[in-house]
Amino acid sequence: MTQAAGTGGELRRIVRINEEIKSVVATAFKINLMAMNAIFLAKRAGQAALGFSVLSNELRRFATDLQQQMEVLRQMTHGSVASVTALVKTERLNRVVDRMRSELSGQARAMIERYLRNRQTTSFVLHQEAIATQNRRLSQTIADTAQLVELGSVLARSAKIEAAYGGSFSAALMQVSSDFEHTIAEIHRSLEQLSRHHD
Amino acid sequence: MKTAQVIYENGDHRWLAIVRDPDRPGYLIDTNEYLVSVGEDAILLDPGGSEIFPSVFSALCAEYDPRRISKIFASHQDPDIISSLSMWMEFNPDIKCHISWLWAGFVPHFGGTGDTFIPIPDPGTDIPVGRERLRAIPAHYLHSSGNFNLYDPKAKILFSGDIGAALLPPGDNGLFVENFDRHIVHAEAFHRRWMGSERAKRDWCARVADLDIDMLCPQHGAIYRGAEVRRFIDWFAQLDVGAVKS
């Protein structure tokens with residue numbers, strides 16, 4: 001967390017990340033339904049669409065994995081909110097103690113200064129470190145998700161190639177695989193946004 | 001973490017109940033928070049204590065964009081109602097807090113500035129949310145001396161704060177009251193002790209009996225709906241309140 005962004009900025013950033021997570025979850029749900037329809041279509045196409053059927057199954061698994069990955073991200077943002085809350089409380093307490101220090105003198109002031117030094121090197125720094133660690137984990141998970149989505153793109157492209165061998169169903173299968181490609185491109189865009197909000 | 005559940009939806013007019021936190025430490029009382037959204041505007045009702053802010057905020061984020069929340073309604077001044085105010089102010093310094101005039105000078109100890117608070121006069125007032133107008137209904141001395149419920153005439157929902165609250169045993173996690181007789185056992189001691197005035201109770205019962213209510217949503221425990229709403233009002237009307245159980 002940068003000093004300029006502040007804790008309010010950190011919360012707003014978490015909200016923006018959550019909005020993208022919701023968007024990806026909705027798209028993953030759409031892919032799951034599309035994949036189910038694609039499996040039925042491939043069944044109707046029979047032998048000519050065996051490869052397409054395998055890929056549709058894989059795309060369905062991809063959608064489920066993506067939804068799970070989004071849940072992991074959501075849980076991580078929950079952890080971040082908890083750390084930001086703890087940091088705000090510490091900041092408030094520090095401000096109050098700081099005011100006390102400015103109004104005191106002598107031994108009482110020295111006592112407050114010792115207390116402040118101790119707090120600043122313990123809880124405040126610990127909360128900041130916790131937020132930094134959570135942010136690193138979030139970055140790693142977003143990167144892992146990007147790889148997963150790349151796999152989805154490869155599957156969609158392969159489905160397009162398989163569609164060409166779909167005989168009389170070729171045009172319908174081609175349409176479905178193009179829809180997959182476009183929908184996965186939407187996820188790519190959401191992930192890019194997610195990375196931008198996170199940085 | 002808590003979960004946010006839709007309890008009313010009509011177009012872009014929604015009520016969300018933010019309930020049940022399995023991770024809540026046992027020493028904190030369980031609370032319900034509610035969000036009323038109309039179009040691009042929203043009001044958060046009794047946002048809860050600062051200890052549960054992360055849970056409320058995260059649950060809300062899963063269902064709604066909290067950047068659209070322009071107002072907070074605090075039924076009264078207790079810490080489990082409004083001590084998270086400083087966190088909400090941190091998130092959005094422009095947020096406004098509607099609360100009884102009686103507490104407008106007390107609650108800033110939790111957070112906010114002179115511009116944050118919109119005092120509600122004793123007889124109540126209308127609070128606009130998007131194109132709708134919600135009504136702050138007086139419920140003074142039930143239990144707080146400056147206390148309001150919030151009524152949504154379109155959704156026919158009354159947010160009743162501590163009135164109707166039940167301290168449910170662990171595992172009793174239903175969102176709605178399913179068995180009134182079994183449920184009300186967990187509400188009785190609370191109402192006898194916390195509701196301090198027989199006269200205030202009678203006034204409230206008469207006032208809300210005139211309202212068209214499909215759901216009565218308390219700040220603790222399950223929601224009353226349908227016939228259970230009337231049943232609760234009748235039960236409360238005959239309850240001997242302001243008593244310490246000896």
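Let me begin with the largest pocket, which is lined by 19 residues, with Arg24(B), Asp30(B), Leu168(B), Pro169(B) and Asn173(B) lying nearest its centre. A pocket here is an open set of points on a 1 Å grid over the protein atoms alone, where a 1.4 Å probe fits, with protein on both sides within 12 Å along at least five of seven lines, and lining residues have an atom within 4 Å of a point. This is a predicted model, in which local features need pLDDT of at least 70 and side-chain atom pairs pLDDT 80 or more, while totals for chains, interfaces and linings use all residues. Residues are numbered from 1 along each chain, chains are lettered from A, and side-chain values use heavy atoms, without hydrogens or water.

The volume of the largest pocket is about 380 Å³, and its lining comprises nine nonpolar, five polar and five charged residues.

Now to helix α6 of chain B, residues 227–237, where Glu228(B), Val229(B), Phe232(B), Ile233(B), Trp235(B) and Phe236(B) are buried, that is, under 20% relative accessible area with a 1.4 Å probe, protein chains only. These residues lie on the same side of α6(B), because they cover an arc of only 165 degrees around the axis. They pack against α4 (180–194), α5 (198–209), β12 (215–218) and β13 (224–225) of chain B, where contact means heavy atoms within 4.5 Å.

Strands β12 and β13 also belong to an open, mixed sheet of six strands in chain B, ordered β8-β9-β10-β11-β12-β13, and strands pair if DSSP finds at least two bridges between them. The edge strands are β8 (125–129) and β13 of chain B.

Definitions and conventions
Buried < 20%, exposed > 50% of the residue type's maximum accessible area, 1.4 Å probe, protein only. Helix = DSSP H or I, 4+ residues; strand = E, 2+ residues; numbered from the N terminus. Arc of directions from axis to C-beta. Points joined across faces, edges and corners; volume = space filled by probe spheres on them. Nonpolar A, V, L, I, M, F, W, Y, C, P; charged D, E, K, R; others polar.
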